[in-house]
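I am opening my notebook on this structure and writing down what I look up, entry by entry.

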Amino acid sequence: MSQKYICTVCDYIYDPALGDPDAGIPPGTPFEDIPEDWECPDCGVTKESFEVYED
């Protein structure tokens, strides 16, 4: 199971099992493999504003 990441601005959780199909990120894509210019789908911040999510 891949690690989930949470947006520190809006609390959106990136789940690698789901990906972000609206942004062209297919399910199964680890957070590390998302392009650097990807933005949070809820608030628009960059990957730098995400941290590891602990269940």
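I start with a term: a residue is buried when its relative accessible area is under 20%, exposed when over 50%, and partly exposed in between, using a 1.4 Å probe and protein chains only. By that rule I noted that Tyr 12 is buried, and that Phe 50 is buried too.

Before going further I wrote down that this is a predicted model, in which local features need pLDDT of at least 70 and side-chain atom pairs count only at pLDDT 80 or more, while totals for chains, interfaces and linings use all residues. Residues are numbered from 1 along each chain as its sequence is written, and side-chain values use heavy atoms, with hydrogens and water left out.

**Entry: the sheet.** Strands here are DSSP runs of E with at least two residues, numbered from the N terminus, and two of them pair if DSSP finds at least two bridges between them. I found an open sheet of 3 strands in the order 2-1-3, with antiparallel pairing. Strand 2 (13–14) and strand 3 (50–52) are its edge strands, each pairing on one side only. Strand 1 (residues 5–7) pairs with strand 3 over 3 bridges, and Cys 7 stands opposite Phe 50.

**Entry: the aromatic rings.** Rings of Phe, Tyr and Trp (its six-membered ring) pair if their centres lie within 6.5 Å, and planes under 30 degrees apart count as stacked, over 60 as edge-to-face and the rest as tilted. I looked up the pairs, and the structure holds 7 of them. Tyr 12 lies in the loop between strand 1 and strand 2 and Phe 50 in strand 3, 38 residues apart. For Tyr 14 and Phe 31 the centres are 5.9 Å apart and the planes at 55°, so that pair is tilted. Tyr 5, Tyr 12, Tyr 14, Phe 31, Trp 38 and Phe 50 form one aromatic cluster.

**Entry: Thr 29.** Why does Thr 29 count as buried? Its relative accessible area is 13%, and the limit for buried is under 20%. Thr 29 is placed in the loop between strand 2 and strand 3. Leaving out residues up to four places away in sequence, Thr 29 touches Tyr 14, Pro 16 and Ile 34, where contact means heavy atoms within 4.5 Å.

Methods:
Helix = DSSP H or I, 4+ residues; strand = E, 2+ residues; numbered from the N terminus.
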